[in-house]
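Good morning, and thank you for coming. I would like to take you through the contact between two chains. Please look at the structure first.

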Protein chains: 2
Amino acid sequence: MLGLMQDRPLLISSLIEHAAQYHPRREIVARTVEGGTHRTNYAEVERRARRVANALASLAVAFSDRVGTLAWNTHRHLELYFGVSGTGAILHTVNPRLFPEQIEYIINHAEDKVLFFDITFAALVQQLAPKLKSVRHFVAMTDRAHMPAIDLPNLLCYEDLIAAQSEDYAWPEFDERSASSLCYTSGTTGNPKGVLYSHRSTVLHSLMECAPDTFGVNSAMCLLLAVPMFHANAWGMPYATAMVGAKLVMPGPHLDGQSLYELMRDEGVTFSQAVPTVWLMLFQYLDQHPEIDIKDVGVKTIGVGGAATPRSMIERLERDFGAEYVQGWGMTETSPIGVIGRLLPKHAALSGEEQTSVKLKAGRAVWGVGLKIVGEDGKALPHDGVAYGHLHVRGPWIAGSYFKGEGGPVLDEDGWFPTGDIATIDPDGYVQLVDRAKDVIKSGGEWISSIDLENTAVGHPAVQEAAIIAAHHPKWQERPLLLAVKRPGQNITREELLSYLSQRVAKWWVPDDVVFVEQLPHTATGKLLKSKLREQFRDYRLPTA
Amino acid sequence: MLGLMQDRPLLISSLIEHAAQYHPRREIVARTVEGGTHRTNYAEVERRARRVANALASLAVAFSDRVGTLAWNTHRHLELYFGVSGTGAILHTVNPRLFPEQIEYIINHAEDKVLFFDITFAALVQQLAPKLKSVRHFVAMTDRAHMPAIDLPNLLCYEDLIAAQSEDYAWPEFDERSASSLCYTSGTTGNPKGVLYSHRSTVLHSLMECAPDTFGVNSAMCLLLAVPMFHANAWGMPYATAMVGAKLVMPGPHLDGQSLYELMRDEGVTFSQAVPTVWLMLFQYLDQHPEIDIKDVGVKTIGVGGAATPRSMIERLERDFGAEYVQGWGMTETSPIGVIGRLLPKHAALSGEEQTSVKLKAGRAVWGVGLKIVGEDGKALPHDGVAYGHLHVRGPWIAGSYFKGEGGPVLDEDGWFPTGDIATIDPDGYVQLVDRAKDVIKSGGEWISSIDLENTAVGHPAVQEAAIIAAHHPKWQERPLLLAVKRPGQNITREELLSYLSQRVAKWWVPDDVVFVEQLPHTATGKLLKSKLREQFRDYRLPTA
Ligand SMILES: Nc1ncnc2c1ncn2[C@@H]1O[C@H](COP(=O)(O)OP(=O)(O)OP(=O)(O)O)[C@@H](O)[C@H]1O
Ligand SMILES: Nc1ncnc2c1ncn2[C@@H]1O[C@H](COP(=O)(O)OP(=O)(O)OP(=O)(O)O)[C@@H](O)[C@H]1O
Ligand SMILES: [Mg+2]
Ligand SMILES: [Mg+2]
């Protein structure tokens, strides 16, 4: 017997409609690619999203057609978020930091019909255009005065395009399981694969982002959106903020420390999230400006995810910013909420340092995300905080397969998604990431966490960045090799660094060698590109070998 | 094209499973019907719910069969919440305060197969049993030592029943739209009608109850459940608290002021909700105990709904309790979240008194609940805070029809649910209730709000309770008649009361007469039973007539 409640689909259009009706004048602030700051609000974003919807119809974009974007976090990108998905077309946010060949691959693979791009990427688009077979229209996200001087026959101007449209548009209703947006993984190995979100998954995920046990998104909040909108939908925040009418501050192309600081200071930002590298850039700016007391800006909560956070970062965010630090673990494939690192009531009794140790874990299970760790044999391991294995997850906002079936059937026998991460889970549900399965060092049957070693190495004041990769060893199969970048003006020897490490990690974890390098390669989302390092040091001969 | 996220149904069992796995030892405290306090936790509740599930199978309860309860807020009732719905059977919470004839009607109408009851209601059950045609088993929710001495051939003992069962049970997966629970409206007019909730509506509603813009339910919270579990699923809180693992404090049959106070003080309660009458009882207890400083208990948030809150109650909750007051409007038919009375950021600039005026409104729209007001012609009226009309609502946790089609097709042409309430909506989405459509006084084409007049009348220190009903008038069709109960030991005359009112309301709103009565009739949920008053005063002749 079915219940007799109303059968209302969970649609992305309902988010912006709600914001426009009940928070019409709530501000949305964006630093633009043309220069300067643009101020708008939810009512206007929704009105212009309706114009976008009509424009898409005029460009013959049909239900489920893909519409690509190569764009920063601006109000126009936000209008596309709602305007494209609201019609039932699929918003495909392309990461402009990928290699041009990857961008070409992704757009062709997605078969984008229209490509919206920020003028920053005009040259790139001109270069790629001949190879983008499915793209019928290129739309420069700017006004007539700032149109780029590129030569494309099918080039349109965003402001002209939508100005020519009527505001009359009623958001259609359709199956909530319909695809809403498409995002390719950042490509730490192989060709990127597409994650195809649905309206249902997006709305459920937004609801969870409002829960205080995750981020407590609410109408009084002012969010600085420092996660790019091409990175897993800016971790879902543009949807969650519309759901409650929170103020949204968008840095445009300016993710440097000074810009973020100024936006925080000027706009009353209370909450922001980003990958660790973004916070490091802000720290560097603050180091150069000791006259700034960052506490004055009044940021209440800083979320960090996408990569491990070093202890020193947590301490600085809490001490200097006076902010609450919240770690999250997630993936493009998890929308991204996987686990969230908040303390439980019982942790109130711990010392500050002990609390930080809890916060160093990736985070805890929230409702909606099932977690298990399995051994090499696929059998579930205990949640005792000690046993480690492959992390598999399940839930209504977790991917079930990739676009066009790439990578084959990815779920395990019970229907869980294998994350490729190795983790422990403690009895409270806190997940501690050991490593990516492909990065872990397999030394004589035992595993060594490259993440742990890297975090320990950067604890040394002379080390700016560190990477651990496996080097071949005749006896142990693999042994850790440390690649380190020295902090400018600092010096340190191989022996000093190894002795520093040997005082802090198990003896058999200590790397067999250290190589000092000028810089380390990164992915488009700012993570260490270990596949490249492994290639580069494939034939490295350890002194112990 | 459908998205490629996992297809996971939203099921009530997932809530208690999550709580049991990730908040196993989080406390659930219940005052019992046998006397004393029982302490349990989510792990044990889930374990026992699995025994309940097996017990239901042993009693041949099938998917979608109704299982009735006549019970207070206790741990056993909580076990049934999850144990019954978790199997796919339908939990039917019967309001034991209804008249016996209504209870008989409801249980027969629902065709309950099994009836679980607290020993408090043993005599009632014995009396009704012969008339309850569908009930095959009666289960006294107690242990062997406390079994009531009633003579029923098919009487079972709860603790014996579940002790005989295995703990082995896997919560089944099924369509999230399946019916989960059934609750009849409280019956201010006619026969009660059944609202049939679904797993989907319940889980979505729980997610919304976690949003800070509603109640911000979270793992650190300690909730005193002062709304009966037979009143719209205790406003959904048992589900929301399980979703996040909040501590739950259940008063059992003890809703008196002293019991609530003691539970608040002893258990570290931070949040509680109830109808205004419950808070009045607590106020009366505190009046008798001036030595108590209620601020010491540290309650942070008090929710009030189900009936209008007088200004004095808000002031006292904020001043004496140091608590944040949050009004809500809802109905059994709305799960209950309709609108929630929280301030917006812009209200921070208002004076305390102006803020209270905002809080006197029923509350604001939240995502998921569509609101409109329509005139007698069914046309939508503006949200300008002035125009008033019939409030219609829409959303995934709002009823679409009643059980067995009672009352016919209830939705309006556009698929919205007519609430029977008259309201204004202001541009921020704040709903102000004018009256129930059936209670409003229609005086010569204009409407007078009985709620407003009643709230004004109880502002007089000598008035304990007041009810306004329509009395027939030859010229104006209807004019207000005030029925008032004097506060013990206080005196006031008809003229004094009318003069008090005439200084506070529009001249043409002043009642045409006052009748002092010993007491006023109430519904089973503690609301004024105006249908009874109208009957009683049907032939009342106004002095002005
Ligand atoms: N809090 C965290 N601590 C450590 N690592 C994290 C954390 N959060 C995320 N990660 C890492 O980031 C991964 C998810 O990142 P993302 O989806 O952006 O793409 P990627 O995995 O880096 O790229 P690709 O999937 O193309 O290889 C996780 O699988 C995990 O390895
Ligand atoms: N905050 C509030 N202020 C004023 N009235 C309220 C408020 N919240 C709820 N109500 C009233 O309570 C009603 C819902 O109550 P409920 O579902 O418990 O049953 P009932 O309407 O009292 O009984 P029945 O439907 O059987 O007549 C609303 O329709 C409204 O009239
Ligand atoms: Mg990945
Ligand atoms: Mg009603």
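Across the interface of chain B and chain A, the rule finds 2 salt bridges, a salt bridge being a side-chain nitrogen of Lys or Arg within 4 Å of a carboxyl oxygen of Asp or Glu. A:Arg200 forms a salt bridge with B:Glu176, and the closest N and O atoms there are 2.7 Å apart. Please bear in mind that this is a predicted model, in which local features need pLDDT of at least 70 and side-chain atom pairs count only at pLDDT 80 or more, while totals for chains, interfaces and linings use all residues. Side-chain values use heavy atoms, without hydrogens and water, residues are numbered from 1 along each chain as its sequence is written, and chains are lettered from A and ligands numbered from 1 in the order in which they are written.

The rule also finds 30 residue pairs in polar contact across this interface, both residues at pLDDT 80 or more. A polar contact is a pair of N or O atoms within 3.5 Å; within protein, one must be able to donate a hydrogen and the other to accept it, and residues adjacent in sequence count only if both atoms are side-chain atoms.

Which elements of chain B give two or more residues to the side that touches chain A? They are α1 (12-22), β9 (194-198), α7 (199-210), α9 (237-244), β16 (363-365) and β18 (388-394) of chain B. Helices (H or I, at least four residues) and strands (E, at least two) are DSSP runs, numbered from the N terminus. The most comes from α7(B), with 7 residues.

As for extent, 74 residues of chain B are in contact with 74 residues of chain A, contact meaning heavy atoms within 4.5 Å. The area buried between the two chains is about 5,600 Å², and carbon and sulfur atoms give 58% of that. Buried area here is the accessible area (1.4 Å probe) that two parts lose on being put together, summed over both.

How are the copies related? The same surface serves both copies, as 100% of the contact residues of chain B recur in chain A.
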